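Please consult the sequence and the model shown below while reading.

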Amino acid sequence: QGVLAATRAAATAQTIMGVSGSCGNSIEEVASASSGPKWFQLYVPKDRVIARRLVERADRAGYKAIIVTVDLGEQKDADRRNRFALPRDILLKHLRDVGFNNVTERMSDREIQAFNERAWDLTFSWKFFDWLRTITKLPLLIKGVLRPEDARRAVAIGLDGIIVSNHGGRKLDGVPASIEMLPRVVDAVAGRAEVLMDGGVRRGTDVLKALA
């Protein structure tokens with residue numbers, strides 16, 4: 001059940017579900033799983049037509065905000081050692097759910113993997129948010145902020161929320177923990193936008209530390 005079960009659990013807990021763009025189900029499938037509030041976490045395709053359609057689909061499906069993940073890309077040593085790759089059917093469904101209709105069953109496993117590796121924008125800049133504002137009126141949040149300077153920039157360009165996150169430590173192995181950078185980001189924002197934290201929350205005391 002994966003994300004569908006998580007979505008129902010979030011609704012039962014009366015909290016927001018941040019739905020990853022690579023969760024294994026389409027935007028519409030997750031939207032139909034519960035009536036609880038949902039935000040869509042966008043991994044940005046290089047193809048801006050696909051990106052635009054994703055945002056429009058999220059809006060139509062009732063999502064209440066768009067989260068833009070700016071530290072996409074992972075270096076998983078264990079996966080490389082174990083030669084792990086997503087099973088063909090799961091990766092194919094994911095790419096089709098995103099809207100890459102040119103990915104077909106006729107493609108080989110290697111072709112599908114290669115397409116996935118080059119499909120995502122890993123280098124976009126602050127200007128992306130200017131573009132995003134032209135296609136949606138939903139609140140916009142930036143996820144992957146660890147520096148006070150970036151938090152101030154996000155506020156200056158009118159973003160509605162900042163998610164302090166190190167992508168679970170999977171992007172780079174030397175990044176600081178989210179909880180370490182949270183106070184500096186909060187100070188930089190100075191109440192001008194919502195600040196949230198992602199990662200490292202395993203028990204109630206972690207919540208108390210973050211709130212403190």
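Helices (H or I, at least four residues) and strands (E, at least two) are DSSP runs, numbered from the N terminus.

## Basis of the report

The model is predicted, so local features need pLDDT of at least 70 and side-chain atom pairs count only at pLDDT 80 or more, whereas totals for chains, interfaces and linings use all residues. Residues are numbered from 1 along each chain as its sequence is written, and side-chain values use heavy atoms, with hydrogens and water left out.

## The largest cavity

A cavity is a set of points on a 1 Å grid over the protein atoms alone where a 1.4 Å probe fits but cannot get out; lining residues have an atom within 4 Å of a point. Grid points are joined across faces, edges and corners, and a volume is the space filled by probe spheres set on the points. One cavity of 30 Å³ or more is found in the whole structure.

The largest cavity holds about 110 Å³. Its lining comprises 14 residues, with Gly21, Asn25, Phe40, Leu54 and Val98 nearest the centre. Helix 5 contributes the most to this lining, namely three residues. Six lining residues are nonpolar, six polar and two charged; here Ala, Val, Leu, Ile, Met, Phe, Trp, Tyr, Cys and Pro count as nonpolar, Asp, Glu, Lys and Arg as charged, and the others, Gly among them, as polar.

## The second largest pocket

A pocket is an open set of grid points with protein on both sides within 12 Å along at least five of seven lines. The second largest pocket has a volume of about 460 Å³. Of its 20 lining residues, Val70, Asp71, Gly144, Val145 and Asp150 are the closest to the centre. Strand 4 (residues 140-145) provides the largest share of the lining, three residues. The lining divides into eleven nonpolar, four polar and five charged residues.

## Aromatic contacts

Six aromatic pairs occur in the structure. Rings of Phe, Tyr and Trp (its six-membered ring) pair if their centres lie within 6.5 Å; planes under 30 degrees apart count as stacked, over 60 as edge-to-face and the rest as tilted. Phenylalanine 100 and phenylalanine 115 form an edge-to-face pair, because their centres are 5.2 Å apart and their planes at 80°. Both residues are buried, that is, under 20% relative accessible area (1.4 Å probe, protein chains only).

Tryptophan 126 and phenylalanine 129 make a tilted pair, 6.2 Å centre to centre with 40° between the planes. Ring pairs join Trp126, Phe128, Phe129 and Trp131 into a cluster.

How values were computed
Buried < 20%, exposed > 50% of the residue type's maximum accessible area, 1.4 Å probe, protein only.
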